[in-house]
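Subject: Structure for your review

Dear colleague,

Please find the structure below, together with its sequence. My findings follow after it.

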Amino acid sequence: MSRPWWFPDNTVLCSFAAVDRLALLEKVLDDRGRWTQAVAHEARRSAVHLPALGPLTDGAGWLGEPIEVDGEVEQALVERLRRVVFGGLAHRPLQHLGEAETLAVIETRREFRTAVWITDDADAGRYAHRRGIRVLDTVGVMREAIARGLVPAADGHRLLVAMRERGRHLRGIPLRPEDLLG
């Protein structure tokens, strides 16, 4: 069985950028990271406030070329997801576009059907999970990094706390580092 693709959303990219640890996220994704055009656009906009995102958005980096949503069927699905599922407004066409594009790509393209979506948006994550998509959040990614020996539990816990201290809204940070194990 081939390894799955990983699709981090902009909230997750920003959390790792906030503590200057995008390299750790890159290692977890292990050359299997992807993103859509809307997520890449969101990351470019976020780089104004989080300069660590700059190198990621300057060209084809470790997330590859942004995936373009094309074709009438896929574009219609994106718009339906954006407006009906995520509550995007007609007069704000970029609202929830990253989430909608990512889900449409995972659901419609054979090569991404086993993909893992990484999002800290609880509602979006629950929706995707109900659709049979594997979902992780930033805390889950940190657990993965610890399990693979990429970072000790104490350091991973410190990073999560630092993300929260820098204004990132993370759910489920355990009280103790050892609670990130297993």
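Is Asp123 buried or exposed, and at what relative accessibility? Asp123 counts as exposed, because its relative accessibility is 55%. Please note that this is a predicted model, and that the values given here are computed from it.

**Salt bridges**

Asp123 forms a salt bridge with Arg126, with a distance of 2.5 Å from N to O. Both residues belong to helix α7 (residues 122–130), where they are three residues apart, about one turn of the helix. Arg126, at 46% relative accessibility, counts as partly exposed.

Asp155 is partly exposed at 29% relative accessibility, whereas Arg158 is exposed at 52%.

Glu144 and Arg148 form a further salt bridge, the closest N and O atoms being 3.0 Å apart. Here Glu144 counts as partly exposed at 22% relative accessibility, and Arg148 likewise at 37%. The search of the whole structure finds 10 salt bridges.

The protein carries 26 positive and 26 negative side chains, and the centres of these two sets lie 3 Å apart.

**Overall architecture**

The protein has nine helices and three strands, which follow the pattern β-α-α-α-α-α-α-β-α-β-α-α along the sequence. Its radius of gyration is 16 Å, which agrees with the value near 16 Å for a compact globule of 182 residues. The C-alpha atoms fill a box of roughly 50 × 40 × 30 Å along the principal axes. Among contacts with a separation of 6 or more, 63% are between residues 24 or more positions apart. The accessible surface is about 9,400 Å², and carbon and sulfur atoms account for 51% of that area.

**Buried regions**

Of the 182 residues, 51% are buried. In helix α3 (residues 37–46), the buried residues are Ala38, Val39, Ala40, Ala43 and Ser46. These pack against β1 (6–8), α1 (10–18), α4 (54–57) and α6 (97–108).

Thr36 lies in the loop between α2 (22–29) and α3, and counts as buried because its relative accessibility is 0%. Apart from neighbours within four places in sequence, Thr36 is in contact with Pro66, Ile67, Gly98, Glu101, Thr102 and Val105.

Yours sincerely

Key
Residues numbered from 1 in each chain as written. Predicted model: local features only at pLDDT ≥ 70, side-chain atom pairs only at ≥ 80, totals over all residues. Heavy atoms only, no water. Buried < 20%, exposed > 50% of the residue type's maximum accessible area, 1.4 Å probe, protein only. Helix = DSSP H or I, 4+ residues; strand = E, 2+ residues; numbered from the N terminus. Contact = heavy atoms within 4.5 Å. Rg over C-alpha atoms; globule rule 2.2 N^0.38 Å. Areas by Shrake-Rupley, 256 points an atom, 1.4 Å probe, with all protein chains shown as cover. Lys, Arg positive; Asp, Glu negative; His and termini not counted. Charge placed at Lys NZ, Arg CZ, Asp CG, Glu CD. Salt bridge = Lys/Arg side-chain N within 4 Å of Asp/Glu carboxyl O.
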